[in-house]
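Hi,

Here is the structure I promised to pass on. Have a look at it first, and then read my notes below.

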Amino acid sequence: MTMPDVGDRAPDVVLPDDSGTVHSLADQRGRWTVLYFYPKDDTPGCTTEACEFRDSMATYTDRGADIWGVSPQGARSKQSFREKFDLPFTLLIDADHAVAEAYGSWVEKQNYGKSYWGVARTTFLVGPDGHIAAAWHKVKPEGHAAEVLGVLDAAQASAG
């Protein structure tokens, strides 16, 4: 499985959120989109990452960027996670992990000597033209939202 590279057209995303509304990356043309993949709702690292995006949401909005979090858990899990931490951005359900696979984020993992498949923490900044403007692999949650914002600012400055 390969991840899309900077400059590649972003694989389309057509996924529901916890309310059943379907979101399509193709509909985002003309807007910046932060597409971040995370392993599981309401776990320590995923909560840190989500809350950092939440805390900088106003700045992302001012920059004309949307944030979409993607993981395999269902609507009830997403709704609970969003409500518990007052997350103001879209959380998408990738139940069959097809979108994670298209982005190279569905990987074999090891834990306590056991192998299993799951979502790798990765982030893609998709430009208004639908191409990958930046990509982060093996993301560390702490400070990640600020790092993405800095790259968004630089990308917008060079495009504008």
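This is a predicted model: local features need pLDDT of at least 70, side-chain atom pairs count only at pLDDT 80 or more; totals for chains, interfaces and linings use all residues.

A disulfide is a covalent bond between the sulfur atoms of two cysteines. The rule used here asks for a pair of cysteine sulfur atoms within 2.5 Å, and by this rule the count is zero disulfides. Cys46 is buried, at 1% relative accessibility, and Cys51 is buried too, at 13%. (Buried means under 20% relative accessible area, exposed means over 50%, and partly exposed is in between, with a 1.4 Å probe and protein chains only.)

Residues are numbered from 1 along each chain as its sequence is written, and side-chain values use heavy atoms, with hydrogens and water left out.

Now the overall picture. The chain has five helices and nine strands. Both are DSSP runs, numbered from the N terminus: helices are H or I with at least four residues, strands are E with at least two. Along the sequence they follow the pattern β-β-β-α-α-β-α-β-α-β-β-β-β-α. The C-alpha trace spans about 50 × 35 × 30 Å along its principal axes. For 160 residues, a compact globule would have a radius of gyration near 15 Å, and the chain agrees with 15 Å. That radius is taken over C-alpha atoms, and the globule rule is 2.2 Å times the number of residues to the power 0.38. Of the 160 residues, 46% count as buried. A contact means heavy atoms within 4.5 Å; among contacts with a separation of 6 or more, 65% are between residues 24 or more positions apart.

What about the inside? In soluble globular proteins, nonpolar side chains tend to be buried together. I use "nonpolar core" for a set of buried Ala, Val, Leu, Ile, Met, Phe, Trp, Tyr and Cys residues joined through side-chain atoms within 4.5 Å. The largest one here has 26 residues, and Tyr36, Phe53, Tyr60, Ile67 and Phe89 have the most contacts inside it. At least two of its residues come from each of strand E3 (32-37), helix H1 (44-55), helix H2 (57-62), strand E4 (65-71), E9 and helix H5 (144-159). H5 gives the largest share, five residues. Take Tyr60 as an example: beyond its neighbours within four places in sequence, Tyr60 contacts Val34, Phe53, Ala65, Ile67, Ala145, Val148, Leu149 and Leu152. There is also a second, separate core of 17 residues, including Ala10, Leu15, Trp68 and Val119.

Lys78 is in helix H3 (residues 75-84) and counts as buried at 0% relative accessibility. Apart from residues up to four places away in sequence, Lys78 touches several others, including Asp18, Tyr38, Asp41 and Ser71. Thr33, in strand E3, is also buried, with a relative accessible area of 0%. The side chains of Thr33 and Gln28 make a polar contact of 2.9 Å. (That is a pair of N or O atoms within 3.5 Å; within protein, one must be able to donate a hydrogen and the other to accept it, and residues adjacent in sequence count only if both atoms are side-chain atoms.)

Next, a hairpin. Strands E8 (residues 122-126) and E9 (residues 132-136) pair in the antiparallel sense over four bridges; strands pair if DSSP finds at least two bridges between them. Val126 stands opposite Ile132 in E9. Five residues lie between the two strands, and Gly130 in the turn has a positive phi of about 85°.

Last, the backbone. Most residues other than glycine have a negative phi. Asp42 has a positive phi, near 60°; Asp42 is in the loop between E3 and H1 and is partly exposed at 34% relative accessibility. Tyr112 has a positive phi too, near 50°. Tyr112 lies in the loop between strand E6 (106-111) and strand E7 (114-119), and is exposed at 81%.

Cheers
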